[in-house]
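Subject: Structure for your review

Hello,

Please find the structure below. My notes follow it.

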Amino acid sequence: MSLEDNMLIENFLNDSLSEGDKRKMIARMKDDVAFRKKVFFEQQLFSNLDNEDWDLSKNPAVSDEIKEYEQLFKDTPSQELKATLATVNKKYQKKQNKGTTPWLLYAGVAVIVFFIGLTVFLQTNNQNSPQELYAVYFDVSEVPSLLHRGSDGKRSLINAQKLFEDKKYDQALHILTNELIGSEKNKAAIYLYTGISQMELGMFDAAAITFDTLIHSKLIDAPKGIWYKALLFLKMGEREKTREMLQRITQSSDNYKFKEATELLESL
Amino acid sequence: MENEEYLNALLSNDSRGIMIIYQVVFPRVRKFVIQNKGQQQDAEDIFQKALLQITVRYRRERFEIKENFEAYLFTVGKNLWRRELKMRKNRVTNDSIIELVPEERDLALSVLEQKRWELFTEKLELISENCKKILTLFFARTPYSVIVEQMGYSSETVARQRIFKCKAKLSDTIKKDGRYSSLEKI
């Protein structure tokens with residue numbers, strides 16, 4: 001395989017080809033069996049050797065080995081082992097729960113004491129104005145990186161990340177706005193960085209539009225936009241609107257920033 | 001306990017031996033699952049699946065566990081959780097209808113996927129230290145700019161060429177192994 005083909009396949013798997021190049025690539029894979037095999041193998045390398053991925057079987061055909069294993073999982077010894085595992089698991093977890101009860105109790109008491117202390121502290125120090133809460137809950141270091149997985153270190157994004165970290169939001173925003181038009185990759189992070197930059201620059205209406213676009217998109221990280229829109233309203237001093245956004249997060253403990261949203265709602 | 005004793009406990013359905021396995025390894029698996037978007041119940045399910053997978057595979061193949069049993073069981077549990085996360089992600093992002101696979105078929109597939117993963121990681125260990133280091137960074141999708149810095153290369157072009165050569169070596173070693181032909185198309 002040539003170095004050029006290698007780079008092409010890599011960009012295809014990282015989803016960083018333009019739509020046109022992607023179409024060409026798919027057409028080539030249809031016609032060229034050897035090339036298709038190379039793409040397939042490259043994908044296997046990534047899925048098996050990237051610690052955060054997994055190479056799931058894709059072939060619907062069932063080999064003899066699979067059939068044989070299927071039978072073994074169905075047979076009596078396996079069913080008996082399954083039953084034993086379930087029983088031992090139950091016993092073990094019960095024992096663990098007993099053992100940890102006093103700890104849980106102490107931890108529970110400690111948490112209650114901590115929150116009472118925190119509430120008194122916040123009240124006596126008058127620290128629950130929206131802007132102060134914003135300062136407590138807005139943490140730039142928690143914003144997902146623009147350069148994480150799949151990024152090949154695009155120069156413009158490296159610059160934007162650095163400017164953002166240096167709080168040079170106006171310069172970062174200039175790059176991010178251009179990236180939003182062209183880039184398909186890591187789009188949710190670009191929206192977040194754009195919205196936060198606008199928020200920090202006091203461009204509240206623009207920030208609201210950016211977060212809304214993210215929230216209504218089909219991107220996996222779309223729900224993160226709700227938390228940052230809540231912070232936007234908090235910064236604007238809009239308590240009621242902040243509450244509305246936070247209530248959307250607290251509807252399910254699976255939601256991004258559920259714990260923080262619950263605490264913040266109480267503080268408001 | 002020795003590796004053989006652990007395996008015998010599983011093969012003979014010995015609940016006392018299995019309880020020891022729980023005491024030694026379950027906390028580590030639980031910690032991994034919970035730190036990676038899982039819950040207590042997920043950890044319990046994954047641990048039982050891992051024990052079942054090892055036992056059934058051992059019954060069929062009498063395969064060699066090169067490390068100690070505790071470490072191997074942790075790796076299998078970790079991989080089964082990564083597998084579960086990938087399946088959940090596919091369910092969320094895939095608009096098409098996903099075919100429901102019977103439980104035993106799914107368990108069978110997980111054994112073969114584990115075997116494929118073992119083949120790939122084993123071969124990565126066999127190439128030169130330098131190649132292993134650069135490919136580990138590469139497969140973790142580290143940006144080229146960072147690879148250049150960490151490996152002390154003069155440019156991204158040099159890094160790309162080096163990765164290209166190392167990957168070719170690794171691919172060659174994997175494909176030459178007899179196991180690959182049966183694991184290629186699962």
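The accessible surface of chain A comes to about 14900 Å², and carbon and sulfur atoms hold 56% of it; such areas come from the Shrake-Rupley method with a 1.4 Å probe, and for residues only the protein chains shown count as cover.

This is a predicted model, in which local features need pLDDT of at least 70, side-chain atom pairs count only at pLDDT 80 or more, and totals for chains, interfaces and linings use all residues. Residues are numbered from 1 along each chain as its sequence is written, chains are lettered from A and ligands numbered from 1 in the order in which they are written, and side-chain values use heavy atoms, with hydrogens and water left out.

Chain A has 13 helices and zero strands (DSSP runs numbered from the N terminus: helices are H or I, at least four residues; strands are E, at least two). Of its 268 residues, 40% are buried (under 20% relative accessible area, with exposed over 50% and partly exposed in between; 1.4 Å probe, protein chains only).

The predictor gives the complex an ipTM of 0.90 and a pTM of 0.63. Chain B averages a pLDDT of 92 (the predictor's confidence in each residue, from 0 to 100).

One residue of chain B in more detail: Ile127(B) sits in the loop between helix 5 (103-126) and helix 6 (129-139) of chain B. Ile127(B) counts as buried because its relative accessibility is 11%. Leaving out residues up to four places away in sequence, Ile127(B) touches Lys132(B), Leu135(B), Leu170(B) and Thr173(B) (contact: heavy atoms within 4.5 Å).

Regards
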